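Hello,

Here is the structure, handed over for your own work. My notes on the ligand site come after it.

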Amino acid sequence: MIKAILTDIEGTITRISFVKDVLFPYAAEKLPAFIKAHQDDHDVAEHIASVKAHIEQPEADLETVISTLLHWIETDQKVTPLKQLQGLIWQTGYENGDFTGHLYPDAYAFLNAQKQAGRSLYVYSSGSVKAQHLIFQYSDYGDVRPLFSDYFDTKVGAKQEQSAYNTIIAALPFDASEVLFLSDVAAELEAAKAAGLRTLHLIRDGQDSTSEHPYINDFSEFSAEYLA
Ligand SMILES: CSCCC(=O)C(=O)COP(=O)(O)O
Ligand SMILES: [Mg+2]
């Protein structure tokens with residue numbers, strides 16, 4: 001019996017185009033000035049050091065760090081220092097009202113219904129925990145953070161690695177078999193399944209596809225069989 005739900009964000013409860021066409025371009029535009037202005041802040045300095053370690057250039061100058069980060073945004077690489085920096089940059093955009101966090105209406109209704117039914121809700125996204133807080137604090141439906149009991153990002157590991165799900169389950173008061181993982185990416189579902197979680201694939205926006213996993217096109221198709 002499913003007692004908790006662990007959800008991905010992009011492509012599962014949030015439209016992919018909100019992330020790719022709104023959040024990523026905003027981060028790319030603001031990133032150079034942000035890095036220059038905040039390079040000595042403790043957190044930012046750590047993320048800059050992490051970029052240099054990642055490219056194995058400990059002596060890299062700031063321009064190299066910035067062009068590396070911009071390349072990672074362009075190619076949608078889920079590298080932890082980039083994802084952490086994006087969260088810091090998006091804060092200003094949300095606070096200024098430049099955008100609100102997109103949530104599919106069916107996802108919002110589903111999450112509310114599951115919470116009311118007594119299930120605990122958790123988030124696991126490549127976006128940093130800070131970015132997750134922001135998208136839910138400034139969502140289209142207002143501040144929906146009270147829906148969620150905890151948040152996980154790539155600090156527990158990459159989403160396509162089984163060990164990341166083992167780490168998450170170890171932090172939850174549930175057995176793996178009591179947790180349903182929702183994602184739009186088959187490789188993430190494979191990793192979660194290997195860790196013993198139940199899985200449900202979201203195949204949204206008219207994509208004509210089938211899956212090795214149980215799948216739905218949106219949460220209006222969700223039924224009790226996925227909770228049994
Ligand atoms: C938390 S909103 C930004 C999402 C993001 O940066 C991203 O890379 C999406 O990855 P996900 O694991 O949610 O598909
Ligand atoms: Mg996703």
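The notes below cover the conventions and then the site of ligand 1.

This is a predicted model, in which local features need pLDDT of at least 70 and side-chain atom pairs count only at pLDDT 80 or more, while totals for chains, interfaces and linings use all residues. Residues are numbered from 1 along each chain as its sequence is written, chains are lettered from A and ligands numbered from 1 in the order in which they are written, and side-chain values use heavy atoms, without hydrogens and water.

Ligand 1 is surrounded by 14 residues (a heavy atom within 4 Å); the closest are Asp-8, Lys-78, Ser-125, Ser-126 and Lys-159. By class, 5 are nonpolar, 4 polar and 5 charged, with Asp, Glu, Lys and Arg counted as charged, Ala, Val, Leu, Ile, Met, Phe, Trp, Tyr, Cys and Pro as nonpolar, and the others, Gly among them, as polar.

Oxygen atoms of ligand 1 have these polar contacts (N or O pairs within 3.5 Å):
- Asp-8, polar side-chain atom, 2.9 Å
- Lys-78, side-chain N or O, 2.8 Å
- Ser-126, backbone N or O, 2.8 Å

Domain 1 (4-16 + 101-227) and domain 2 (19-95) both contribute to the shell, so ligand 1 lies between them; the bounds come from an automatic or database domain assignment.

Regards

Methods:
A polar contact is a pair of N or O atoms within 3.5 Å; within protein, one must be able to donate a hydrogen and the other to accept it, and residues adjacent in sequence count only if both atoms are side-chain atoms.
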